[in-house]
Each structure stands twice: as C-alpha cells, then as structure tokens.
Amino acid sequence: MSLNVHQVSKKYDKQIAVDAISFSIDKGEVVGFLGPNGAGKSTTLKMIAGFLTPDSGTITINGIAVDKDPIAAKKLIGYLPESNALYEDLYVKEYLQFLGKIHQINQIPKRIDAVVEQLGLGPMQQKKIGQLSKGYKQRVGIAAAILHEPALLLLDEPTSGLDPNQLIEIRNVIKSLSTNAMILFSTHILHEVTAICSSVLVLHEGKLVANEPIETLLQPLTNNLRVSFEDDITAFRDQLGELNAYVISIDKHLLVLKLDANVDIKKKIMQFAIDKGLNIQRLQTEEASLEEIFKLLTH
Ligand SMILES: Nc1ncnc2c1ncn2[C@@H]1O[C@H](COP(=O)(O)OP(=O)(O)OP(=O)(O)O)[C@@H](O)[C@H]1O
Ligand SMILES: [Mg+2]
C-alpha cells in the first residue's frame, strides 16, 4: 500500500501554487502536512484526491494513477476538504446513508453506527447538518471521509474548530485509523504533529522544503545539554577543560554544554561529577520545538 507523488506541479494562471514536488507515503504512516498560508497544501491534497488535475507529474495510489483511473482511485481515498461542504438539509445519518450507497459499502447501518460512535455524533442525530455547530459539522466531515474505510485518508485541517476534548478524541481516531491506512493531513497546530505523526512534509511557496521523520527534523536543534548540580560548581570552572566539551554557559548550579554527536558527553559529565564529589540533580537535552524548525524552513 503506498501513495506516490512524482514531480507534481500546478499553476493558477501564471502563479505557481505547487512546484515539482515528490514524496511517498506507506501503509501505517501518519504524515503531517505543514506550511504557511498559501504554501500549496490544499492544492496538493485536491490533486491527490483527483479534484484538480496537475499540470505535470504523476500521482499513484497502490499503483493506480489518479488521472487515468479516477473511479478506482477514489474508492481508495477518503477526503475531508478544507471547505467541508456538506448537505445542510440532510440529517447526519441520512447523509452517511447517502455516502454509503455511493461508495457501495456492505452493511451500511453497521458502518454508520461505528463512525457515529467514533466521532461522538450520537447526540446530534435529531438535527439537520445545517443546524449543527462548526465543530460538529467538522466531525460529520471526518465521519464521511472514513465511512468507506479508505486506504488513503486526506484531511485538510481536520481539527480546525474542534473543542479541546474533541481535539484529543479526533487525534486518537486518526492514530487508530493509521493501522489500516495511510494518512496525510494538513494542520497549523504544530503540537498536533509531534503528538501523532511519524513524519512531516513542509511546503513553502509551492516547494517541498522538508520530507523527514520528526526526529530527523528536530535533530539539528537538540544540541545542548543542561546539567543541574546540587552544588555550586563555579569553583570547578578551571577544571571543566577535562571534559573536552564546548561550554556554552556556567552559572552557579547550571552548566550548559554543546552536544557532540561523536562524544558521549553525558558519560563524561557523570564521571567528572564522581571524580569531583559533585551531585548531579538533572541532565536534560534542550528540547527543540517544531515551531523553531518551521520558522527556519519557511522564512
Ligand atoms: N482556485 C484558485 N485560483 C487561483 N489561485 C488559487 C486558487 N486556489 C488556490 N490559489 C492560490 O494558490 C496558492 C496555494 O493555495 P493553497 O490553498 O493550496 O494554500 P494552503 O497551503 O492550503 O494555504 P492555507 O494554509 O491558507 O490553507 C495560494 O497563493 C492561493 O492564493
Ligand atoms: Mg489550505
């Protein structure tokens, strides 16, 4: 099971919205799709979903080309568009029944009950979609996207407008779906990406500027080690040379060292503490945040 996007480009008139991007996603992967407003995320998702035709490049899902065999491809895709257009005059279940028939799924009522339960839509069944609050409409959109158990789930800002409790629930739903599907979702909530994604795609002005596992992306910034001592270590300042490490700062109880991929500084600092009779309270690698990386990549 895989999604392959190869050298895909799209222009609106003269404006290049997506510029020769290539990436692939395999089964079990949850990929966060990031980028500033106007970067081209929605355009890319629309092309994968078959709603827009790329100017050039190819998109295949499990070997099926989206432009050559659109019906077969759409059977594999669940898509929640940014606009989340819904039939406002239908009741929630009516809408899901309609979609179930379009997708020709088996055991429609059973499947509807499952997604209604998964998305917490039970209490809203007496209302028409048009009478639902924004967050509940969003839940209906997600329910519609997953109803036919697609192999590839494309979600354009799925958690926008959700309350904090529902945010967590929807994240758990997305995570649980990943055992059987590939998931690509765009978001501006970077914390969400660290919470549920295995890897990240970052788009900037139509170009792919990062395509990596989260740990790899964060690696360049996790390069300082903060060592807190119970004792005042200023008296040992002159002996820090024994560590063969670059000292960034020293302040009474706190020593900050530069991490070096080739040297086990943690081990060295432990030995240093034992030799000098010092007590270490805490060893901490400085946490890099996705926000910092995002800024670096998209400025
Ligand atoms: N139908 C359209 N006609 C003309 N230009 C468009 C159209 N749709 C999108 N664009 C332009 O293409 C670029 C990419 O837009 P897109 O909606 O893909 O960005 P995005 O990354 O999803 O942004 P956001 O985070 O704001 O949702 C933008 O400059 C946008 O103005
Ligand atoms: Mg968008």
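Okay, helix H10, residues 290–298: it lies across S3, strand S9 (199–204) and S10, and runs at about 35° to S9. "Across" rests on contacts, meaning C-beta atoms, placed from the backbone, within 7 Å. The angle is between N-to-C directions, on a scale from 0 to 180 degrees, with axes fitted to C-alpha atoms, for helices over the stretch in contact. Helices (H or I, at least four residues) and strands (E, at least two) are DSSP runs, numbered from the N terminus.

Bear in mind this is a predicted model: local features need pLDDT of at least 70, side-chain atom pairs count only at pLDDT 80 or more, and totals for chains, interfaces and linings use all residues. Residues are numbered from 1 along each chain as its sequence is written, while chains are lettered from A and ligands numbered from 1 in the order in which they are written.

So what's the strand order in the open sheet of six strands? It goes S6-S7-S8-S3-S9-S10, with mixed pairing; two strands pair if DSSP finds at least two bridges between them. At the edges, pairing on one side only, are strand S6 (77–80) and strand S10 (207–213). The twist averages 15° from one strand to the next. Strand S3 (residues 30–34) and strand S8 (residues 182–186) run parallel, joined by four bridges, and Val30 stands opposite Ile183 in S8. H5 lies across S6 and strand S7 (152–156), at about 170° to S6.

Helix H5 (residues 134–146) comes up again in the largest nonpolar core. That core has 64 residues, and Val31, Ile48, Ala143, Leu153, Leu154 and Ile183 touch the most other members. H5 gives the most to it, seven residues. By core I mean buried Ala, Val, Leu, Ile, Met, Phe, Trp, Tyr and Cys joined through C-beta atoms within 7 Å, where buried is 20 or more other C-beta atoms within 10 Å of a residue's own.

Now the other sheet: open, four strands, order S2-S1-S4-S5, antiparallel pairing. Its edge strands are strand S2 (15–26) and strand S5 (64–65). Strand S4 (residues 56–61) pairs with S5 over two bridges, and Thr60 stands opposite Ala65 in S5. H1 lies across strand S1 (2–12), S2 and S4, at about 120° to S1.

Which helix gives the largest share of the shell around ligand 1? That's helix H1 (residues 41–49), with three residues. The residues around ligand 1 include Tyr12, Gly40, Lys41, Ser42, Thr43 and Glu82, counting C-beta atoms, placed from the backbone, within 6 Å of it.

Note on methods: Contact = placed C-beta atoms within 7 Å. Buried ≥ 20, exposed ≤ 12 C-beta atoms within 10 Å, placed from the backbone.
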